[in-house]
Amino acid sequence: MASSPISSPLKDSDKKITGNVLQSTLVDLLDLSLIAKQAHWNVVGANFRSAHLQLDELVSTARTYADSVAERANAIGVSPNGKAATVADSSGLSDYPDNWQDTKATVDAIVERLAELIGRLRKSIDETDKADLVTQDLLIEIAAELEKQHWMWQAQQQ
């Protein structure tokens with residue numbers, strides 16, 4: 001890590017662990033926002049309007065939490081990197097298909113990506129258990145909201 005103009009309340013080893021977790025979470029959330037917007041623009045078929053609007057809610061949630069994660073990184077003296085190239089190179093989420101997708105395919109794809117992100121978040125929650133409880137608390141909040149969204153998307157698969 002480069003030298004920081006922001007002092008950290010964490011010891012260096014905890015700052016490194018926490019910084020890595022925050023960076024990977026930031027990238028995943030930014031990717032989720034882009035995936036959800038791509039889906040929003042390209043969903044077609046039955047229940048289009050409902051899925052279209054729900055995708056915008058997901059975009060808003062992902063962007064809000066991405067900002068919170070980036071600000072937490074800054075607060076501990078870690079510079080966040082949310083550049084497009086960084087997101088493309090290091091996101092842990094599966095790629096989203098090109099072109100129009102019917103609502104069933106869209107719902108299935110969003111459920112899958114949310115499950116991936118939630119799994120990664122839960123690992124990050126474990127990683128920050130000793131390193132930084134403040135960051136862990138933020139990750140728990142994000143996981144709780146994304147698990148709620150995951151449930152709402154899954155309910156549409158029935």
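## R113 and its neighbourhood

R113 is buried, at a relative accessible area of 6% (buried is under 20% relative accessible area, exposed over 50% and partly exposed in between, with a 1.4 Å probe and protein chains only). Its side chain meets that of E112 in a salt bridge, 3.8 Å from N to O (a side-chain nitrogen of Lys or Arg within 4 Å of a carboxyl oxygen of Asp or Glu). E112 itself is partly exposed, with 41% relative accessible area.

A quick word on ground rules: this is a predicted model, where local features need pLDDT of at least 70 and side-chain atom pairs count only at pLDDT 80 or more, while totals for chains, interfaces and linings use all residues. Residues are numbered from 1 along each chain as its sequence is written, and side-chain values use heavy atoms, with hydrogens and water left out.

## The annotated domain

The UniProt annotation "domain: Ferritin/DPS", from an unreviewed entry, covers residues 22-156; positions follow the numbering used here, feature names are shortened, and annotations may be inferred rather than shown by experiment. Over that stretch the chain is 79% helix and 3% strand, with the end C-alpha atoms 31 Å apart (helices are DSSP runs of H or I with at least four residues, strands are runs of E with at least two, and both are numbered from the N terminus).

What is the nearest side chain of opposite charge to D31? That would be R113, but at 7.5 Å, and D31 is buried with no salt bridge (Lys and Arg count as positive, Asp and Glu as negative, while His and the chain ends are not counted).

D31 sits in helix α1, and its side chain does have a polar contact of 2.6 Å with that of S91 (a pair of N or O atoms within 3.5 Å; within protein, one must be able to donate a hydrogen and the other to accept it, and residues adjacent in sequence count only if both atoms are side-chain atoms). Not counting residues up to four places away in sequence, D31 touches V87, S91 and L93 (contact means heavy atoms within 4.5 Å).

## Salt bridges across the fold

By this rule there are eight salt bridges. In one of them, R120 and D28 come together at 2.5 Å, N to O. R120 is in helix α4 and D28 in helix α1, so the pair ties together parts 92 residues apart in sequence. R120 is partly exposed at 30% relative accessibility, whereas D28 is buried at 2%.

R72 pairs with D132, with the closest N and O atoms 2.7 Å apart. Here R72 belongs to helix α2 and D132 to the loop between α4 and α5, so parts 60 residues apart in sequence are tied together. R72 is buried at 16% relative accessible area, and D132 is buried at 5%.

## The nonpolar core

The largest nonpolar core has 42 residues, and L29, L32, L58, I110, I142, L146 and W153 touch the most other members (a core is a set of buried Ala, Val, Leu, Ile, Met, Phe, Trp, Tyr and Cys residues joined through side-chain atoms within 4.5 Å). Helices α1, α2 (48-75), α4 and α5 (133-154) each supply at least two residues of this core. Leaving aside neighbours within four places in sequence, L32 is in contact with L58, A62, L93, L114, L117 and L146.

S33, in helix α1 (residues 12-42), is buried at 3% relative accessible area. Beyond its neighbours within four places in sequence, S33 is in contact with V59, A62 and R63.

T128 lies in helix α4 (residues 103-131) and is buried, with a relative accessible area of 0%. Not counting residues up to four places away in sequence, T128 touches V21, L133, T135, Q136 and L139.
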